[in-house]
Amino acid sequence: MTEQLRLMAVHAHPDDESSKGAATMAKYVSEGVDVLVVTCTGGERGSILNPKLQGDAYIEANIHEVRRREMDEARQILGVGQEWLGFVDSGLPEGDPLPPLPEGCFALEDVAEAAGRLVRSIRSFRPQVITTYDENGGYPHPDHIMTHKITMVAFEGAADAERFPEDEFGPVFQPQKLYYNQGFNRPRTVALHEALLARGMESPYGEWLDRWKEFERVERTLTTHVPCADFFEIRDKALIAHATQIDPDGGWFRVPLDLQKDVWPTEEYELAKSLVATSLPEDDLFAGIRDNA
């Protein structure tokens, strides 16, 4: 290869990178791929989900600083680079009717203007492959949906000098492939659920599967299955580093690693855009790129 392979993962909050595609990133890092996580917001409005840390006055008063430290630890565990786009967390609105989003938050930013920050990052890092969320955000958090919107604009805009002038955003560059993270897919969930029950073990996925029916979620097309079971331990360590968000005794970790590796040793993606020829299904995000790099 005459050119370094580079992967950019665009996420909404610190911790998203460790729960969506983390093993894939660690695998590529081990192969010498340059991997950059772009985090759109600081996660300032994220709830403290770890019951062991709830009620901690320091954390509640300094959540932005704490989550930055957690992100730095997770980044080091995964071996990736990371940068912040600097937008403010929108929070997850709850209630009926839903309350308005807070003024100045990421989800209320102008999409084109917000995408400009990502264009600058893309042109600087020059990734051949970008991963992000689908149009539903993976789940309907306003920041995840906004992350999808700006990534779609930036994927095209990085090569558009008229829309994003080079003197302000840097020399143009065109990424070759764009993927949606689809790690939380029904086939994987069903496979793990049934494997646990077959072994006489309790499954944490029964409620998930019931909610799938309740919300009538449309099944996504899983085009790309990346084998990365050898990196599941690294994924879990990175996730646990986000201590305010993850309970190490919670549902995330109730499925034994050996069972996961045996039953479902891959992470899944949906190929949304490709400017190179590739055949589906794939087992590599750089399919169609490696031979030409």
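1. Both Glu282 and Lys177 are buried in this predicted model, and the two residues form a salt bridge in which the closest N and O atoms are 2.8 Å apart. The pair links distant parts of the chain, since Glu282 is found in the segment after β7 (266–274) and Lys177 in strand β5 (residues 177–181), 105 residues apart.

2. How many salt bridges does the structure hold? The total is 17, and the general principle behind such pairs is that side chains of opposite charge can pair when their charged atoms come close.

3. Another of these salt bridges is formed by Asp247 and Lys52, whose closest N and O atoms are 2.8 Å apart. Asp247 lies in the loop between α10 (232–241) and α11 (257–263), while Lys52 lies in the loop between β2 (34–41) and α3 (57–61), so this pair ties together parts that are 195 residues apart in sequence. Asp247 has a relative accessibility of 17% and therefore counts as buried, the cut-off for that term being under 20%.

4. The side chains of Arg199 and Asp262 also meet in a salt bridge, with an N to O distance of 3.6 Å. Because Arg199 lies in the loop between α8 (186–198) and α9 (206–215) and Asp262 lies in helix α11, the pair ties together parts that are 63 residues apart in sequence. Is each partner buried or exposed, or something in between? Arg199, at 44% relative accessibility, counts as partly exposed, whereas Asp262 is exposed, its relative accessible area being 56%.

5. Salt bridges that share partners deserve a separate comment, for they join Lys27, Glu31, Asp284 and Arg290 into one network.

6. My last point concerns His193, which lies in helix α8 and which, at 17% relative accessibility, counts as buried.

Methods. Residues numbered from 1 in each chain as written. Predicted model: local features only at pLDDT ≥ 70, side-chain atom pairs only at ≥ 80, totals over all residues. Heavy atoms only, no water. Salt bridge = Lys/Arg side-chain N within 4 Å of Asp/Glu carboxyl O. Helix = DSSP H or I, 4+ residues; strand = E, 2+ residues; numbered from the N terminus. Buried < 20%, exposed > 50% of the residue type's maximum accessible area, 1.4 Å probe, protein only.
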